[in-house]
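Please read each point with the structure open.

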Amino acid sequence: MEHPDSDYFRHIFYKHYPSVRRKLIALVRDEAAAEDLAQEVFLRLYRNPPDDPQVIGAWLHRVLTRIAYDHMSKRARERALQEKQELHLRVMEQEGKSNEETVLEQFEHEELRGWLDQLSERDRQVLLLRFSGYSYAEIAEKLQIRAPLVGTLIHRATARLKRHAELQTQIE
């Protein structure tokens, strides 16, 4: 099939765009990114359409899946790079600290880890992700929950952590 004419392409676009967009949102879990990726899918259709017009639906599904996985891989690589850079910055900051400051910081981290260990796995995960710099959307994706619940989970987990810390300091 050669480049589709304007009216035919417009017809295909309006017919398939809602399902392509819906599938991309389900895959990447980011509406804005899904809309950008949907444009990329239809741009590829316009530039390099399948030979058989009967298979456009399957062709679109295959292309949108490939584009979504490429997008998710890119995001994972970017996140890994950012974490590596943050770790490098923390190491650089620690090199400038005195031994006493380093020991005190380690003690505080161990004490905090002890309090975190008393929390449920979900509470511990949500707090660690949030304080590691993840956004609410990323936390929702990581924990497989709806994004509006993240704030509530963080608030409740923080309150539980404070209670555990208060109890420990009262005991000591």
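1. Salt-bridge network. R21, E31 and E35 are joined in a network of salt bridges, a salt bridge being a side-chain nitrogen of Lys or Arg within 4 Å of a carboxyl oxygen of Asp or Glu. The search over the whole structure returns 7 salt bridges.

2. Basis of the note. The model is predicted, so that local features need pLDDT of at least 70 and side-chain atom pairs count only at pLDDT 80 or more, while totals for chains, interfaces and linings use all residues. Residues are numbered from 1 along each chain as its sequence is written, and side-chain values use heavy atoms, with hydrogens and water left out.

3. Overall architecture. The protein chain has 7 helices and 0 strands, and its pattern along the sequence reads α-α-α-α-α-α-α. Helices (H or I, at least four residues) and strands (E, at least two) are DSSP runs, numbered from the N terminus. Of the contacts in the protein chain with a separation of 6 or more, 59% are between residues 24 or more positions apart; contact means heavy atoms within 4.5 Å.

4. Surface and burial. The protein chain exposes about 12,300 Å², of which carbon and sulfur atoms supply 52%. Accessible areas come from the Shrake-Rupley method with a 1.4 Å probe, and for residues only the protein chains shown count as cover. Of the 172 residues in the protein chain, 27% are buried. Buried means under 20% relative accessible area, exposed over 50%, and partly exposed in between (1.4 Å probe, protein chains only).

5. The side chains of D7 and R10 form a salt bridge at 3.2 Å, N to O. Both residues lie in helix 1 (residues 6-28), where D7 and R10 are 3 residues apart, about one turn of the helix. D7 counts as exposed because its relative accessibility is 58%, whereas R10, at 42%, is partly exposed.

6. E40 is partly exposed at 29% relative accessibility, and R44 is partly exposed with a relative accessible area of 32%.

7. R79 and E138 form a salt bridge at 3.3 Å, N to O. This pair links distant parts of the chain, with R79 in helix 3 (residues 56-95) and E138 in helix 6, 59 residues apart. Is R79 buried or exposed? R79 is classed as buried because its relative accessible area is 19%, and E138 is partly exposed at 24%.

8. Packing of helices 5 and 6. Two packed helices are described by the angle between their axes and the distance between the axes. Helix 5 (residues 121-131) packs against helix 6 (residues 136-143) at an angle of about 145 degrees, with the axes 10 Å apart. The axes are lines fitted to C-alpha atoms, for helices over the stretch in contact, and angles run from 0 to 180 degrees between N-to-C directions. Which residues make the contact? Helix 5 contributes Q125, V126, L129 and R130, and helix 6 contributes Y136, I139, K142 and L143. These residues divide into 5 nonpolar, 1 polar and 2 charged; Ala, Val, Leu, Ile, Met, Phe, Trp, Tyr, Cys and Pro count as nonpolar, Asp, Glu, Lys and Arg as charged, and the others, Gly among them, as polar.

9. Residue D123. D123 is found in helix 5 and is buried, with a relative accessible area of 6%. Apart from neighbours within four places in sequence, D123 is in contact with A157 and R160.

10. Residue H16. H16 belongs to helix 1 and counts as buried because its relative accessibility is 15%. When neighbours within four places in sequence are set aside, H16 is in contact with F42, I56, G57 and L60.

11. Residue R113. R113 is situated in helix 4 (residues 99-117) and counts as exposed at 51% relative accessibility. R113 and R124 are 11 residues apart in sequence and 9.6 Å apart in space, C-alpha to C-alpha.
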